[in-house]
Amino acid sequence: MIRLLKIELKKVWPSRAFRLLSIMYMVAMVIIAMGVMPFLRWMKSKFEDFDLDGIDPTIIPFYEFPDIWQNLTSVAIWFKLLLGFSLVFSITNEFSYRTIRQNVIDGLSKHEFILSKIIMAGFLAAASTVTLFVLGLITGLMYSTEISFMLIFEDSFFLLAFFIQLFSFLLFTLLIGVLIKKSIIAMGLLVFWILAVENGFYIYSQVKKIEWIEYLLPIKSINALIHNPFPKYVFMEIQDWVALPELLLVLGYGGLFYWATIRLVVKRDL
Amino acid sequence: MDTVLSIKGLSKHYGKIKALDGLNLEVKKGNVFGILGPNGSGKTTTLGMILDVINPTAGQFEWFGKKSGPATRKRIGAILEHPIFYPYLTGRQNLMIVCDIKQVPYERVDEVLLQVGLEERKNSKFKTYSLGMKQRLSIASALLCDPEVMILDEPTNGLDPQGIAEIRDLIISIANSGKTIIIASHLLDEVQKVCTHFCVLQRGKLIYNGLVEDVGKGNLSVEVKADDERLEEVLGACNLHLEMKRELDKYILTMHDGYSAADVNKYLFDHGITAKHLIVKTKSLEKQFLEILKDQEGGKQ
């Protein structure tokens, strides 16, 4: 496994497109993790300009342990497409340069080849999760009013859920990449699927009140694993836990993408 | 001698098209084996299957007497069609990835780069290489694992004459070190210069399999020129040759067994003609190849 990851890192890291996309992703994560408080302060100063002194957005406890984990993960997952693109780029390049064929000729099995991409997806998901954890710790320790070991780690299972979300999503992008083989078309399809197809079906299911359709939409299901926590700040009820059926659904999709991706590569002539 | 590769009844069908149809072949240790055939005769398909990138429709093959797998491929150095590397990586970085795949120590990278004469450009990106350098890098990559077998598919494709000569010398020096080499090519001159054995494929079928040294055997042919009007008449009257053919100002004689150019010379001299041009022509592989293909076409009708 280490050998396959090593090969994969040697392949992608010197690539400018890959570095650019992953740096963009990291920067986006830092900005959203660090930027909320300055943003709230800015809003407060604007409100003061309009003599609305009564409203103070900075009292929104975005960074309060343990709520911070759900807050951060539910926002950070928006940027998953940047990471997905970098992965699509790396897999479609293997097809357009035909290096997948040379890799197999050189002594990698087809199974090992696609496994190296899957391990890379796992590595990216794990690295994002660790980054988010570190950012959460820093900002939480800075802004939390109450700090204790218990409070810090109480809801940290959201980080694990975030990892599962991201990994399943990246497996989906790998499947699209393996299926389409052309980078631009694969990226286009990815955006089209997420924005048009899934939203279209979602709206249809809402209008017609057919709830089960939602569960057939992989990206919606993945996104739904961590519920949006922000309505609670206007005193609405939210789900502040990870529900087992939703988790099983996401794991099911992840497993399906894993199986389909491997099968596609192994059965195909290169 | 040990058998390196044995192929039994290997076939690949794409719908109705038979890219390869029941191929049987054996390659022994130390052979330099040429696979010849016109474009689209199934050479690359065959190599693709024995390297596990194309799934066969039917048949089996064995490497070193074992079923093929990643472990056997690590003992083979192979290039299919044009050189394939990551264009945004340097020559050295590309070879290091191959080292990781083949589980070979990185020290080999500099050794093989030196061997193919690329050490000066090892830190340039692959996409900046000339075609000749790309071909040399792919040979370097095939040499990384000190392979027992090398497979080269059109190794001199698209090279200039100097590049072709360089690659040929490289192949000969590798062959001299006792390695088994399998070369697919449609450049017959090439195969004749480096190979010990050859086979001919046509439309997915094996139509010939034999030794390169046997190619020259058979009837001798002699080319004659002379500044004498009687030449045609005199030559026509002699019974040294089976057949006589005129090409511009020269006559090509296909000799009877046991007669040589010396006999022609003596005969002409006896008839008062001095030849100004007398050449013994050994049959080239090219000629043999075309004959084999022609026989095959003839046999079909």
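A residue is taken as buried when its relative accessible area is under 20%. In the predicted model, A:Glu8 has a relative accessibility of 0% and therefore counts as buried. This residue lies in helix α1 of chain A, which covers residues 2-12. Leaving aside residues up to four places away in sequence, A:Glu8 touches A:Ser90, A:Ser116, A:Lys117 and A:Met120. With A:Ser116 there is a polar contact between the two side chains, at 3.3 Å.

A bend of about 40 degrees is found in α9(A) at A:Trp193. The buried residues of α9(A) are A:Ser183, A:Ala186, A:Met187, A:Leu190, A:Ile194, A:Val197, A:Glu198 and A:Ser205. In an α-helix there are 3.6 residues a turn, so residues three or four places apart point the same way. The buried residues of α9(A) pack against α4 (80-96), α8 (157-180) and α10 (218-223) of chain A. Just after α9(A), A:Lys209 adopts a positive phi of about 55 degrees.

Between the chains, 27 residues of chain A are in contact with 30 residues of chain B. The two chains bury about 2,600 Å² between them, with 54% of this area on carbon and sulfur atoms. Polar contacts link 17 residue pairs across chains A and B, and the count of salt bridges between these chains is three. One salt bridge joins the side chains of A:Lys6 and B:Asp100 (4.0 Å, N to O). On the side of chain B that touches chain A, two or more residues each come from β1 (3-14), α2 (70-73) and α3 (91-102) of chain B. The largest share, seven residues, is contributed by α3(B).

Notes:
Residues are numbered from 1 along each chain as its sequence is written. Chains are lettered from A and ligands numbered from 1 in the order in which they are written. This is a predicted model: local features need pLDDT of at least 70, side-chain atom pairs count only at pLDDT 80 or more; totals for chains, interfaces and linings use all residues. Side-chain values use heavy atoms; hydrogens and water are left out. The bend at a residue is the angle between axes fitted to the seven residues ending there and the seven starting there. Helices (H or I, at least four residues) and strands (E, at least two) are DSSP runs, numbered from the N terminus. Buried means under 20% relative accessible area, exposed over 50%, partly exposed in between (1.4 Å probe, protein chains only). Contact means heavy atoms within 4.5 Å. A polar contact is a pair of N or O atoms within 3.5 Å; within protein, one must be able to donate a hydrogen and the other to accept it, and residues adjacent in sequence count only if both atoms are side-chain atoms. Buried area is the accessible area (1.4 Å probe) that two parts lose on being put together, summed over both.
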